[in-house]
Amino acid sequence: MREKTKTKFKFNSRDIQLSVMASFSLVFLLIFSYLPMMGIILAFKDGNKYLNIIMALGADWTLDNFKMLFTDSEFWQVFFNTLHINLLMLLINFPMPIIFALLINEVRNRFVRTTIQTVSNFPHFISWVVYGGIVLALTDANLGIVNPILEFLGLSTKENPIDLNLAQYFYPKLIIATIIKGVGWGSIVYVAAIAGIDQSLYEAAMIDGANRFQRAIHVTLPCIRSTILVFLLLNISRIMGNSFEQFYVFQTTANLSKTRVLATYMYTLGFTYRNYSTATALSLFEGIISLILLVSVNFVAKKTTGEGIY
């Protein structure tokens with residue numbers, strides 16, 4: 001029998017360069033994602049009100065932090081507030097990049113398409129602190145530009161302008177602001193996925209008499225289904241998590257009942273009241289919920305569609 005020859009893998013200069021580049025991302029994950037997980041033990045310590053977090057790590061072991069958290073009515077108010085706003089954003093915000101990518105795909109002029117993509121991507125690179133300040137200025141009852149537009153539409157008056165910074169207007173204001181900020185950047189992956197679709201499928205659909213809308217529904221969307229599914233599962237798993245800056249920048253005493261989410265409540269517990277252990281318990285609880293959601297929706301997706309994240 002012929003003996004199998006073993007081929008030895010040899011690193012060349014290109015492999016070394018790629019390995020070095022990949023190692024930076026691993027080091028980043030290690031330092032900023034995995035090493036901080038050691039702080040989870042603080043959730044099982046009686047470390048509230050200590051002078052600093054390091055001293056709190058030496059406190060006695062306890063489960064009172066979870067009991068304190070789950071028996072706090074304020075926590076449940078913030079919990080359901082977070083769930084409510086994230087479900088709304090999942091329902092409204094998630095499809096917007098997909099729709100925008102479909103519209104971009106129908107623009108035939110390359111210069112116009114590139115210009116639209118560039119302009120729509122720009123808000124993503126503005127921090128929420130600056131962007132939120134712009135939104136607050138535009139929606140100011142007396143000096144903002146939004147109220148004159150509402151007056152023109154007959155939805156407001158000059159004598160009694162609508163204060164869009166009140167709690168009842170927070171959800172629509174946040175959803176619109178988030179769409180404007182993220183729709184361009186969120187559509188990049190979908191635009192790339194659409195670019196990889198075999199053009200012969202469109203040609204066959206055109207021969208069958210399909211118009212642009214029908215081609216988008218029956219050709220484009222099915223071809224990018226796997227990409228949509230992956231992002232949908234990831235968004236569902238993050239349904240209890242929010243960007244701290246995104247909500248903190250809009251918080252005022254007038255809308256505090258609507259703008260408080262788990263991220264801002266965690267900050268208040270940890271840095272305002274120095275309840276380090278309770279804040280860590282809340283963070284751990286949020287992480288466990290996200291993990292359960294990710295595993296559950298991935299399992300359901302695998303069973304129903306045969307596709308998933310892993």
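Analyst: Buried means under 20% relative accessible area, exposed means over 50%, and partly exposed lies in between, with a 1.4 Å probe and protein chains only. This is a predicted model, in which local features need pLDDT of at least 70, side-chain atom pairs count only at pLDDT 80 or more, and totals for chains, interfaces and linings use all residues. Residues are numbered from 1 along each chain as its sequence is written, and side-chain values use heavy atoms, with hydrogens and water left out.

User: Is asparagine 81 buried or exposed?

Analyst: Asparagine 81 has 8% relative accessibility and therefore counts as buried. It belongs to helix 4; helices (H or I, at least four residues) are DSSP runs numbered from the N terminus. Contact means heavy atoms within 4.5 Å. Neighbours within four places in sequence aside, asparagine 81 is in contact with Tyr171, Ser257, Lys258, Thr259 and Arg260.

User: Which residues have the most contacts inside the largest nonpolar core?

Analyst: In soluble globular proteins, nonpolar side chains tend to be buried together. A nonpolar core is a set of buried Ala, Val, Leu, Ile, Met, Phe, Trp, Tyr and Cys residues joined through side-chain atoms within 4.5 Å. Here the largest has 36 residues, and Phe75, Ile194, Leu262 and Leu282 have the most contacts inside it. Among the helices that each supply at least two of its residues are helix 4 (73-92), helix 13 (225-237), helix 16 (262-272) and helix 17 (276-305). Another core, of 16 residues, lies apart from it and includes Ile85 and Phe250.

User: At what angle do helix 16 and helix 17 pack?

Analyst: Axes are lines fitted to C-alpha atoms, for helices over the stretch in contact, and angles run from 0 to 180 degrees between N-to-C directions. Angles under 35 degrees count as roughly parallel, over 145 as roughly antiparallel, 65 to 115 as roughly perpendicular and the rest as oblique. Helix 16 and helix 17 pack at about 160°, their axes 7 Å apart, and are therefore roughly antiparallel to each other. Residues making this contact include Leu262 and Leu269 of helix 16, and Leu282 and Glu286 of helix 17.

User: Which residues of helix 13 make the contact with helix 17?

Analyst: The angle between helix 13 and helix 17 is about 150°, with their axes 8 Å apart. That makes helix 13 roughly antiparallel to helix 17. Helix 13 contributes Leu229, Leu233, Ile236 and Ser237 to the contact, while helix 17 contributes residues including Leu293 and Val297.
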